[in-house]
Amino acid sequence: MPQNDTRPVSRFTVPALADMPDDIRERILAVQEKSGFIPNVFLTLAHRPDEFRAFFAYHDALMDKPGNLTKAEREMIVVATSSINQCQYCVVAHGAILRIRAKDPQIADQVATNYRKADLSDRQKAMLDFAVKVSQTAHLVGESDFATLAGHGFSEDDIWDMAAISAFFGMSNRLANVTSLRPNAEFYSMGR
């Protein structure tokens, strides 16, 4: 993608930083300072400030918490389910984060293409089988799914986290597709 790409970030209006509420602008500037760029999801969601706040509060509660799921495993869930949901933005953006958190330049491509053949443990494949089931056919989740996950050492809290991450990103994937959210060029080379 050319450096001077002028395509819109989203099909919806993206407010100027100066026009955003102070708390949102401060969060965006902090992300920019840390990563060196502003991920387009922040700009797109700034279109609806109350939803921006709610989205990132829930995102942070799911993705930044301590627990038995590593941060890399949480990103695996995002990449696998986003791939199934055909969300280019989330596969590209969270693929970059997964490469960094897993310290593996190949893992995101493997998980996005076919996690069942990726270089993952049986435990991680069981986690992703469940997350994809939640994303696609949650009405079929039953006790056998819980037993399988427990057999891999996952707790009830871990299972809740898997389901919540899958469900949250199912919403995010759909919104990203509707808004035509475009991945930042920076994501493609991160962690490679």
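**From values to terms**

Me: How do you know that Asp23 is partly exposed?
Reply: This is a predicted model, and its values are computed from the atoms. Asp23 has a relative accessible area of 39%.

Me: What makes the pair Asp23 and Arg53 a salt bridge?
Reply: The side chains of Asp23 and Arg53 meet with N and O 2.6 Å apart. A salt bridge needs a side-chain nitrogen of Lys or Arg within 4 Å of a carboxyl oxygen of Asp or Glu. The pair is therefore called a salt bridge. Asp23 belongs to helix 1 (residues 22-35) and Arg53 to helix 3 (residues 49-63), 30 residues apart, and the pair links distant parts of the chain. Arg53, at a relative accessible area of 32%, is partly exposed.

Me: What makes Arg53 and Asp50 a salt bridge, and where do they lie?
Reply: The closest N and O atoms of Arg53 and Asp50 are 3.1 Å apart, and the limit is 4 Å, so this pair is also a salt bridge. Both residues are in helix 3, where a spacing of 3 residues separates them by about one helical turn. Asp50 has a relative accessibility of 62%. The class exposed begins over 50%, so Asp50 counts as exposed.

Me: Why is the pair Arg123 and Glu73 said to tie together parts of the chain?
Reply: Arg123 and Glu73 form a salt bridge, with the closest N and O atoms 2.6 Å apart. Arg123 is in helix 7 (residues 122-137) and Glu73 is in helix 4 (residues 71-84), so the bridge ties together parts 50 residues apart in sequence. Arg123 counts as partly exposed at 22% relative accessibility, whereas Glu73, with a relative accessible area of 5%, is buried.

Me: Why is Glu75 called buried, and which residues is it in contact with?
Reply: Glu75, in helix 4, has a relative accessible area of 2%. Buried means under 20%, so Glu75 is buried. Leaving aside neighbours within four places in sequence, Glu75 is in contact with Met63, His94, Ile97, Leu98 and Arg101.

Me: Which residues and elements line the largest pocket?
Reply: The largest pocket has a volume of about 720 Å³. Among its 27 lining residues, Val31, Phe42, His59, Ile97 and Arg101 are the closest to its centre. Helix 1, helix 2 (40-45), helix 3, helix 5 and helix 9 (156-179) each give two or more residues to this lining. Helix 5 gives the most, with 7 residues. By class, the lining has 17 nonpolar, 4 polar and 6 charged residues.

Me: What makes a space a cavity, and how many cavities of 30 Å³ or more are there?
Reply: In a cavity, a 1.4 Å probe fits but cannot get out. The count is 1 cavity of 30 Å³ or more, and about 60 Å³ of space lies in the largest cavity. Its lining consists of Val41, Thr44, Leu45, Phe55, Ser172, Leu175, Ala176, Thr179 and Leu181. Helix 2 and helix 9 are the elements that give two or more residues to this lining, and the largest share, 4 residues, comes from helix 9. The lining of the largest cavity divides into 6 nonpolar, 3 polar and no charged residues.

Key
Residues numbered from 1 in each chain as written. Predicted model: local features only at pLDDT ≥ 70, side-chain atom pairs only at ≥ 80, totals over all residues. Heavy atoms only, no water. Buried < 20%, exposed > 50% of the residue type's maximum accessible area, 1.4 Å probe, protein only. 1 Å grid on protein atoms, 1.4 Å probe; cavity = no way out; pocket = protein on both sides within 12 Å on 5 of 7 lines; lining within 4 Å. Points joined across faces, edges and corners; volume = space filled by probe spheres on them. Nonpolar A, V, L, I, M, F, W, Y, C, P; charged D, E, K, R; others polar. Contact = heavy atoms within 4.5 Å.
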